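Please prepare a briefing on the structure shown below, with the main points grouped by topic.

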Amino acid sequence: MATLHSIRGTPKAAEYYADQALSFAQDLGSIRLSARALVVRTEVRLHAGKFVEAEEDLSKIGAMLGPVGSFPCFGAKVG
């Protein structure tokens, strides 16, 4: 819904739905879904010109996921 509203609706409505998705993901305890909801909210905020808030969201995503390459599947040898 947030993506749809960012394209065809208002930035305020898009941010509301992104916030709802983030709240739901946090209630589920899913880091992956929380990060995805933050990505959507970041996109909405960028389109709305809220650059400081978008940067804060990016920092939250980075804190959730950790540094690139820190996942066990990266650099793992197969075979």
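Glutamate 15 lies in helix α2, helices being DSSP runs of H or I with at least four residues and strands runs of E with at least two, numbered from the N terminus. Glutamate 15 is buried, with a relative accessible area of 12%, where buried means under 20%, exposed over 50% and partly exposed in between (1.4 Å probe, protein chains only). The model is a predicted one, in which local features need pLDDT of at least 70 and side-chain atom pairs count only at pLDDT 80 or more, while totals for chains, interfaces and linings use all residues. Residues are numbered from 1 along each chain as its sequence is written, and side-chain values use heavy atoms, with hydrogens and water left out.

**Glutamate 15 and the salt bridges**

- Apart from neighbours within four places in sequence, glutamate 15 is in contact (heavy atoms within 4.5 Å) with Arg41, Val44, Arg45 and Lys50.
- Five salt bridges are found in a search of the whole structure, a salt bridge being a side-chain nitrogen of Lys or Arg within 4 Å of a carboxyl oxygen of Asp or Glu.
- Arginine 45 forms a salt bridge with glutamate 15, with the closest N and O atoms 2.9 Å apart; this pair links distant parts of the chain, since arginine 45 is in helix α3 and glutamate 15 in helix α2, 30 residues apart.
- Aspartate 57 and arginine 41 meet through their side chains in a salt bridge of 2.6 Å, N to O, and this pair joins helix α4 (residues 51-65), which holds aspartate 57, to helix α3, which holds arginine 41, across 16 residues.
- The side chains of arginine 45 and aspartate 57 also meet in a salt bridge, at 3.1 Å from N to O, with arginine 45 in helix α3 and aspartate 57 in helix α4, 12 residues apart.
- A network of salt bridges links Glu15, Asp19, Arg41, Arg45, Lys50 and Asp57.

**Burial and surroundings of the charged residues**

- Aspartate 57 is buried at a relative accessible area of 0%, arginine 41 is buried at 8%, and arginine 45 counts as buried at 10%.
- Arginine 45, in helix α3 (residues 31-47), is in contact with Glu15, Lys50, Glu53, Ala54 and Asp57 once neighbours within four places in sequence are left aside.

**Leucine 22**

- Leucine 22 lies in helix α2 and is buried, with a relative accessible area of 9%.
- Not counting residues up to four places away in sequence, leucine 22 touches Ser34, Ala37, Leu38 and Arg41; the C-alpha atoms of leucine 22 and arginine 41, which are 19 residues apart along the chain, are separated by 8.6 Å.

**Aromatic pair**

- The structure holds one aromatic pair, and the rings of tyrosine 16 and tyrosine 17 have their centres 5.2 Å apart and their planes at 75 degrees, so the pair is edge-to-face.
- Rings of Phe, Tyr and Trp (its six-membered ring) pair if their centres lie within 6.5 Å, with planes under 30 degrees apart counted as stacked, over 60 as edge-to-face and the rest as tilted.
- Tyrosine 16 counts as partly exposed at 46% relative accessibility, and tyrosine 17 counts as partly exposed at 31%.

**The chain as a whole**

- The protein chain has four helices and zero strands, giving the pattern α-α-α-α when read along the sequence.
- Of the 79 residues of the protein chain, 24% count as buried.
- Among contacts in the protein chain with a separation of 6 or more, 34% are accounted for by residues 24 or more positions apart.
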